Structure formats: structure tokens, C-alpha cells
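This report describes the two chains in turn and then a single residue. The sequence and structure are shown first.

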Amino acid sequence: MPQREDRGRGARRLVDVAAPVAAVLAVLAVWEIWVRLSGTPVYVVPAPSDIAARLMDRPGHFARHGAVTLAEAAAGFALGCAASVAAATVMAHSRAAERTLYPLALLVKVTPVIAVAPLFVIWFGFGSFPKVLIAALITFFPVLVSAIAGFRSVNSGALDFMRSVSASTVEIFLKLRLPSALPYLFAAFRITVPLAVIGAVVGEWFTGDRGLGSVIIVAHNNIDMPTLFAAIVVLAAIGVALTALTAYAEGRTLFWHESRQAQRR
Amino acid sequence: MKAPPHIAIRGLSHSYRPGEGRGPAVLDGVGLSVAAGEFVSIIGPSGCGKTTLLKSVGGVITPSAGKITIAGKPPREAQRGKQIGFVFQDPCLLPWRTVRDNIALPLHVNRAGRSEDASAAVERMIDAVGLSAFRSFYPHELSGGMKQRVALARAVVFRPAVLLMDEPLGALDELTRAAMRYEVLRVWEASPTTALMVTHSIAEAVSMSDRVIVLSPSPGRILDDIPVDLPRPRDDSLEHSAQFMAVVRRVKDSLSAGVAYAAARG
């Protein structure tokens, strides 16, 4: 009975969406009621309705600053990925290069980015560039490690076949290593996409008057809690949207991977 | 006057990990000649170096000692001339490519295929291995037997002079395996190449080959070279003939003699 099966699947999908939405609404309701009943002042914890009112009040303001943060995070993510995939390509092909460069990458990784942020501001000024750089730095290491592992974890039989038809190193890389590494890269993207947003926000804390990070700092100095919470809500929305986008891209790209087929069943 | 051998192997020895002192030898002075168009099987117990032998001929690994030529040229040169088609025990298909694109893969390497000829060759191969209805399927949507047919098509689509098969049917279930023997033979007959196959199955070796080479337990040496004078084209009715049984028995005796000899040698 294909029809009944379809209906069953549709109903399941509805539950999949409805259940988490209901959970969020329940939390908001409890929060609202608690704030009102306890009479908690708005400068300590604003009610969800206060936050919503602030968002509705100045939608352009939050959209503009949100767009700045989003652009910085995206640019940083792209830059970090490009740099790490390039470095991983070299390291995956040469053990000598790996031995030389990997400790350097590890040093970058173990240095807290927050500690370097003020330095970047001094070097690169008050514009977007230092924020992009911080986001890129945060993205770099997890993608590097995954890319190296991915480029190396190639089916040995497929590699033998490529060699038996005299494929060049470049052809083996493009036709075999790069696609084989995609599952590893997407696993890293899931971690680094939210990290890139964190990097951009941290950068904005230190300098400049653009982006949700600076909105948060200003609101904090003015004890303007509704604005502060509204900025957090926008940041959370950006995080959700980016995570969903990554998951969508992963599903489209890795349709052939075991993890997808397990899910389908 | 005899024609020069298509594949000539002389004094082939190999041991892995040569850097760390000499590891145990897996092959010891193997010499073998295969004539053009011949189908030769290599059979022997596990670990006797069959796969190493095949990979050396295919130029995938470089043996410690010995000389291999394919039509008078070393294996690496034969690779560059697209002379070598390789089938492995696992199909080793690229999971992100469809049946068609997997078969076309060797034609995309080194820009070997001129586009129109190449795609026609790919379409012909898809039909030849009976996957016409599955050309745009992905490997995860295929059965084990279908995947191995794709691997076979991928190995011969560029018309190599030599077809090397490393237990090509080893990963299949018994029923599929028995039927696939004759499918492989039909593909081989349609594009007469010189075939060298490694197998564990005596029935497979005898039913498919012109000659069966028996290797000793490790380190592998050639114990016997058994001709199979059965008519071609072959099909599964062959497996009930007395002639077939006789050759099977000879191979079996030869294999057990090798095992007994190795046991006595300690």
C-alpha cells in the first residue's frame, strides 16, 4: 500500500517538525510566566515578549548588524577552509611537509583565539578584516585535520586501479582523493560553521561599531537587556540557519555515503 | 617458429618491507610465459603470493627482483599505453559515480578517450555486461554481482591488451559466482585480450582457462603448469564432462602435493 506508507511518512515528518517547535514554545511560555509572576525587573531578565518587542521595534538595526556578522563569519569560514584544504593537500602528499608544518598548525590551534584578537585589531585596524581573520583562524585547524585524514583514507583498490591505468597524481587527487575526503570535510564543517560565527562575534567585541558583537557590548554597557537578548536571538537564528544549510549541502553532496543510506532506511 | 610470449615473467621474487631487514619472501623465482590471447589462471593456497604476482605484472607494485615484460615492454610503460585492465576482488567502484561514469573512468584519465568514441564504447560495454537498465544507478543501488560486472566493464572498456583479474568472483555468493564465470568469459571472448586470473577456486580456474598454473605455499613457486584442452565457447554444461573432471582432479592433486611438500620441508 504505497499511499498509506506515504501518509505514514508525512505524519512522521510533521511530528519531527512539530515536536521541537512545541518544546521551544513551552520553554518560552514558562520563561514569560516566571518573569511576570516573580516580578523580575527587565534589566535582570527580560520576558520573551520584551525581547520580541525590541526586535519588532528596530528590525532594520538588527538585520543590518546581523548581516555584517554573517558576512564576516562566512568570509572567515571560506578563507579558513581554502587555506586548510590547500595546506592539507600539500601535507597529504608529502610526509616531510606534514612533519614540518603540522606542529606549526598545532601551535595555532592550542593558542586561544581570544588572546590573539586584540593583536589582530592593532595590526589590521577597525574594519571587518581582523574579524574575518579570527573566524578563519578558528576554522583552520579542524578542517585541516579532517582534510588530511580524508585525503589519505582512500579505498586502496580504487587507488590501485587508478595507478593501473596510469593516472597522474593530480588526476588521482581530483577524481579519487578529493571526493573521498568529502565526508570528513563535512564532519569538520558541522563543527567549524558555528565556530566561525563565534570568531566574528569575538572580533566585534574588541573593536568597531558594526556587527552583533558590538551591539551586545553597547547594550551591555547601557544595561539594555532587551537589546542584548535580541542580539543573542538573532545570533542563534543565524546559527540555526547556517547549520541547516550545512546539513542540506551535506545531504545533497554525500547522497552516496554510507551514513546517508543508513538514515534512509 | 613460436610467437614471442605476450606476457613474459622471469625470475620474479618479492619480499615486503625490504627496508627493515629482508622480510619473508612471498614469491621465489617465478617464471611464466603467456601467449597472446591466452587465458591463464594462477591457483595456490592463501598467502602464496598470487596477488603480488598479479600486481607486479600490472605495474602496481615493483617486485624486489625479476623481469616482467608485456609485449616486450616493462609494466609501467604498458600502463601508460593503456595496455592493462585490472579487476580486483572487491569491485572498488567510486560510490559517487553512476554505473556509466564508473565505466568511463579510465577513459577520463590522461584524456585517453576522444569524447564520441569514448561514450559509444561506454554504452557498448554497459550493454555487454547486461546493465542497460542500470546505467544511471549508483553503486550502492546495485547487487554484488552487478558491481563486479561494472568493475569488469571498467577494466576492458579501453580495450587493453592484457586483462588482470585478482579473484574477480571471490566476493560473490556461490550461485552468482557460478553464473558470472561464463559472463566474464563472454566479455573476454568478445574482446580477445590476454587474460591472467588469480583464483582460489579449482572449478573456476579449469572452466575458464587455457592453462592452470599451480603455485606452492609461501614463498610461491610454480609447481605445475596444467593445460586445459576443452573446447570454446564454454558454458556450464562443461562442468559435468569427464574431461573437465579429469583436469580438476589433476589440479587438486598438484595442490595437495605442494601442501604436503611444504609441510615436510617444515
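## Basis and secondary structure

Helices (H or I, at least four residues) and strands (E, at least two) are DSSP runs, numbered from the N terminus. Under this assignment, chain A follows the pattern α-α-α-α-α-α-α-α-α-α-α along its sequence, that is, 11 helices and zero strands. Chain B has eight helices and nine strands.

The model is predicted: local features need pLDDT of at least 70, side-chain atom pairs count only at pLDDT 80 or more, and totals for chains, interfaces and linings use all residues. Residues are numbered from 1 along each chain as its sequence is written, chains are lettered from A and ligands numbered from 1 in the order in which they are written, and side-chain values use heavy atoms, with hydrogens and water left out.

## Chain A

The radius of gyration (over C-alpha atoms; the globule rule is 2.2 Å times the number of residues to the power 0.38) is 23 Å for chain A, whereas a compact globule of 265 residues would have a value near 18 Å. Along the principal axes, the C-alpha atoms of chain A fill a box of roughly 75 × 65 × 30 Å.

Of the 265 residues of chain A, 42% count as buried, meaning under 20% relative accessible area with a 1.4 Å probe and protein chains only. Chain A exposes about 14600 Å², with carbon and sulfur atoms supplying 70% of it; such areas come from the Shrake-Rupley method with a 1.4 Å probe.

## Chain B

For chain B the radius of gyration is 19 Å, close to the 18 Å that the globule rule gives for 266 residues, so chain B is as compact as a globular protein of that length. Its C-alpha atoms fill a box of roughly 55 × 50 × 45 Å along the principal axes.

Buried residues make up 53% of the 266 in chain B. The accessible surface of chain B comes to about 11800 Å², and 54% of this belongs to carbon and sulfur atoms.

S209(B) lies in the loop between α7 (202-208) and β8 (211-215) of chain B. This residue is buried, with a relative accessible area of 0%. Leaving aside residues up to four places away in sequence, S209(B) touches F39(B), V40(B), S41(B), V228(B), R232(B) and R234(B), where contact means heavy atoms within 4.5 Å.

The side chains of S209(B) and S41(B) are joined by a polar contact of 2.5 Å. A polar contact is a pair of N or O atoms within 3.5 Å; within protein, one must be able to donate a hydrogen and the other to accept it, and residues adjacent in sequence count only if both atoms are side-chain atoms. The side chain of S209(B) also reaches the backbone oxygen of A205(B) at 2.5 Å.

Conventions:
Buried means under 20% relative accessible area, exposed over 50%, partly exposed in between (1.4 Å probe, protein chains only).
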